[in-house]
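Subject: Structure handover

Hi,

Here is the structure I promised you. Please open it first, then read my notes below.

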Amino acid sequence: MSNTAGQKEFLAELGRFARREIEPGMLEADAARDMNWLARVWGKSRRLDLPGLFASPSPQEEGATRLLCARALEALAASCPGAACLYAFHFAAAHVLDRAGGPLAGHLQAGGNDPFRAPLVVSFPDPSRDADLRLAAAKDGYTLSGETNLLGNAHLAHSAVIFVPEGDRPDQCSCVLADLGAAGVSRGPDARLPGLCANPFSRIRFDETAVSAPCLLPPDRAEGIMQEARGLFFAFTAATAAGCAARALEKADAYARSRYQFGKNIIGHSEMKRMLAKMRMRLFLARSAVSALFSGPLFHPEEALYAKVFSTDAALATATDAVQIHGGYGYMHEYGVEKIMRDAKTLQLLGGPNPHLLAGSVKE
């Protein structure tokens with residue numbers, strides 16, 4: 001979708017889709033932690049070909065396509081960040097398969113099956129915890145054992161892209177495409193994170209699950225793909241955070257213009273104007289950070305980490321201000337701003353907690 005006019009029309013249609021299919025039920029789905037609602041959203045989004053939006057472009061169009069994915073996530077997150085995370089995990093996993101080529105990329109080709117009947121999920125190693133996953137040689141390939149980190153899409157996905165550390169080296173990983181319907185696979189309970197509740201996060205457990213040789217990528221090929229895919233996941237999380245902040249600002253601005261207090265609408269007070277201006281500033285910088293990631297000829301994963309940390313921190317600060325502007329109403333579920341604050345806080349944890357990511361980005 002390289003045509004700019006075509007991209008704008010797609011994003012406009014996606015916005016209409018979000019207002020029609022996501023916003024009416026998202027507060028109820030959040031309260032009930034209803035992943036069936038999210039599965040229905042996924043099914044309806046296939047009419048827009050949203051799951052295939054990442055589809056391998058030419059090298060000249062790659063940056064524009066990735067930016068379009070980010071803008072789509074921002075548009076979805078403005079309605080429900082939990083729904084946007086469904087596609088952030090999927091896009092990052094699909095990128096791995098596309099880059100790997102061969103049988104792994106073949107998983108994305110329809111052939112006689114539908115590759116997007118369910119979203120994909122991707123698991124990266126977490127240096128903050130001991131590596132639990134391990135591969136072992138078997139007669140007809142390999143077996144995978146151990147437990148992943150907490151993952152969105154865990155209960156909806158049929159296939160998972162798993163990076164498995166080599167011994168105690170989290171930077172040296174093999175890549176496995178795991179069938180989540182295979183023997184020895186189980187999903188843990190909902191971790192009950194404070195936000196993104198419509199997409200319950202769980203761990204996936206493997207107990208000597210068979211993995212065929214064509215479904216494995218060795219470390220010499222997997223490492224570079226993992227770094228880029230992790231960077232893309234950070235970028236997509238940053239875009240989701242920008243959508244989260246945009247909706248918080250929209251709600252706060254609308255409430256400030258309608259709330260009458262001390263003889264005038266509260267937007268007429270200088271402190272309120274300063275608060276709203278800071279919210280706009282954070283949103284502008286978060287969006288700029290995402291755009292900058294895809295503006296040059298090369299994608300830099302380390303810069304994506306900084307964009308993720310900044311944007312998610314900015315989203316939480318903006319959501320917190322939105323709750324404050326609403327006063328007591330801000331803590332009522334039906335107003336939606338407390339959900340935005342919980343979602344923003346949980347976005348800070350994706351791919352690793354922000355303080356840990358920052359500390360890990362500085363080499364001794």
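Start with S186, which is partly exposed because its relative accessibility is 36%. The cut-offs are these: buried means under 20% relative accessible area, exposed means over 50%, and partly exposed lies in between, with a 1.4 Å probe and protein chains only. S186 sits in strand β6 (residues 185–187). Helices (H or I, at least four residues) and strands (E, at least two) are DSSP runs, numbered from the N terminus. Not counting residues up to four places away in sequence, S186 touches R203, I204 and R205. Contact here means heavy atoms within 4.5 Å. The C-alpha atoms of S186 and V122 are 16 Å apart, and 64 residues separate the two along the chain.

Two notes on the source. This is a predicted model, where local features need pLDDT of at least 70 and side-chain atom pairs count only at pLDDT 80 or more, while totals for chains, interfaces and linings use all residues. Residues are numbered from 1 along each chain as its sequence is written, and side-chain values use heavy atoms, with hydrogens and water left out.

The whole chain

The chain has 10 helices and 10 strands. Its radius of gyration is 21 Å, close to the 21 Å that the globule rule gives for 364 residues, so the chain is as compact as a globular protein of that length. That radius is taken over C-alpha atoms, and the rule is 2.2 Å times the number of residues to the power 0.38. The C-alpha trace spans about 80 × 45 × 40 Å along its principal axes. Of the 364 residues, 51% are buried. Take the contacts between residues at least 6 apart in sequence: 74% of them join residues at least 24 apart.

A buried serine

S174 is in strand β5 (residues 169–179). S174 counts as buried because its relative accessible area is 4%. Its side chain makes a polar contact of 2.8 Å with the side chain of E166. A polar contact is a pair of N or O atoms within 3.5 Å; within protein, one must be able to donate a hydrogen and the other to accept it, and residues adjacent in sequence count only if both atoms are side-chain atoms. Leaving aside neighbours within four places in sequence, S174 also has contacts that include L135, L217 and A222.

Salt bridges

Side chains of opposite charge can pair when their charged atoms come close. The structure holds 19 salt bridges, each a side-chain nitrogen of Lys or Arg within 4 Å of a carboxyl oxygen of Asp or Glu. Here are three.

- E13 and R16: the closest N and O atoms are 2.8 Å apart. The two are about one helical turn apart, because they are three residues apart in helix α1 (residues 4–32).
- D190 and R33: the N to O distance is 3.4 Å. D190 is in the loop between β6 and β7 (204–212) and R33 in the loop between α1 and α2 (35–45), so the pair ties together parts 157 residues apart in sequence.
- E250 and R247: the N to O distance is 3.4 Å. Both lie in helix α6 (residues 219–258), three residues apart, about one turn of the helix.

How exposed is E250, and how exposed is R247? E250 is partly exposed because its relative accessible area is 48%. R247 is buried, at 14%. Salt bridges that share partners also join E9, E13 and R16 into one network.

Best wishes
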